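Student: I've just opened this one and could use a hand. Can we go through it together?
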Amino acid sequence: MSLRSPLAKAVGWGSAKEGAAHWWWQRITAVALVPLSVWFVFSIVPLAGADHATVVAWMQSPLVASLLILFIVLVLHHNQLGMQVVFEDYIHTEWLKLTCLILLKFATVLIGLIGTLSILKVALGGR
Amino acid sequence: MTTNNRPLSPHLQVYRLPLPALLSITHRASGVFLAIGTLALVYWVLAIASGAEEFQGVQERFGSITGRGLLFLWTGALFYHLCNGVRHLFWDIGSGFEITTVYRSGWTVMVVAVALTLLSWLAAYAMRGGGA
């Protein structure tokens, strides 16, 4: 006999009450990344082989800078959720799995900061 | 106790994956590959912020044979993951589960992804107007 109520089973949130959050955010970021990825490809294709001045001028548009930051941040969040599942599925040594998961979170934040600050620096007029 | 030789699970060495399974594992593989590609994107953005000289060096690295090869594969992975991701989103709202639809959408994803990859590279080379 289970001590869990039928409602608890149906809702399925577990003790932390956030079981659906991972799944849900992966979808939310996916939906947002559909138009953003198309925008990114359309923007990056004409920049093939461009020189520094051209790329800087492109990035100094507030619209471009905003969308690029949004793209990188959402991509990183989406990556992080996906890579977490990959690590959980394929790494069976507990300490190694945990180490990888923690490094993944740290790396995600670091890469996000580097990307965001680089874009802001260019967008706000620095070289 | 009688035993039979029926496989207990799809045994990857002897079991040919059907198309939907192949597309499923490719979705995951392309996602991992794109996560690595994100590092390249941030590296490029960092180079822009680091000045003209650094940027030139990074552009040459991306413009090398290896660089172009990787960028081409990342383009393909992006379009595949994008198209197949949309296919997954339709499944998430409960549509497209009929077996014929699953195969048809699978083939559509592959054709569209290849077409968009080739198209964007043709456009890139055309807009570039020759040069190195």
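Tutor: Chain B and chain A bury about 2,800 Å² between them, with 77% of it on carbon and sulfur atoms. Buried area is the accessible area (1.4 Å probe) that two parts lose on being put together, summed over both. This is a predicted model, where local features need pLDDT of at least 70, side-chain atom pairs count only at pLDDT 80 or more, and totals for chains, interfaces and linings use all residues. Residues are numbered from 1 along each chain as its sequence is written, chains are lettered from A and ligands numbered from 1 in the order in which they are written, and side-chain values use heavy atoms, with hydrogens and water left out.

Student: How many residues does each chain put into the contact?

Tutor: Chain B gives 30 residues and chain A gives 43 residues, with contact meaning heavy atoms within 4.5 Å.

Student: How many salt bridges cross between chain B and chain A?

Tutor: Two, by the rule used here: a side-chain nitrogen of Lys or Arg within 4 Å of a carboxyl oxygen of Asp or Glu. In one, Asp89(A) pairs with Arg28(B), their closest N and O atoms being 2.8 Å apart. Asp92(B) forms a salt bridge with Arg27(A), with 2.9 Å between the closest N and O atoms. Asp92(B) lies in helix H3 of chain B and Arg27(A) in helix H2 (residues 21-44) of chain A, so that pair joins two chains. Over all chains, the count comes to three salt bridges.

Student: And how many polar contacts cross the interface?

Tutor: Seven residue pairs, both at pLDDT 80 or more. A polar contact is a pair of N or O atoms within 3.5 Å; within protein, one must be able to donate a hydrogen and the other to accept it, and residues adjacent in sequence count only if both atoms are side-chain atoms.

Student: Which helices of chain B touch chain A?

Tutor: H1 (19-50), H2 (52-63), H3 (65-92) and H4 (99-128) of chain B each supply at least two residues to that side. H1(B) has the largest share, 14 residues. Helices here are DSSP runs (H or I, at least four residues), numbered from the N terminus. By class, the side of chain B that touches chain A has 21 nonpolar, six polar and three charged residues. Ala, Val, Leu, Ile, Met, Phe, Trp, Tyr, Cys and Pro count as nonpolar, Asp, Glu, Lys and Arg as charged, and the others, Gly among them, as polar.

Student: What does H1(B) meet on chain A's H3?

Tutor: Trp44(B), Val45(B) and Ile48(B) meet His52(A), Val55(A), Val56(A), Trp58(A) and Met59(A). The axes of H3(A) (residues 52-59) and H1(B) are 10 Å apart, at an angle of about 105 degrees. Axes are lines fitted to C-alpha atoms, for helices over the stretch in contact, and angles run from 0 to 180 degrees between N-to-C directions. H3(A) and H1(B) are therefore roughly perpendicular, a label for 65 to 115 degrees.

Note on methods
Angles under 35 degrees count as roughly parallel, over 145 as roughly antiparallel, 65 to 115 as roughly perpendicular and the rest as oblique.
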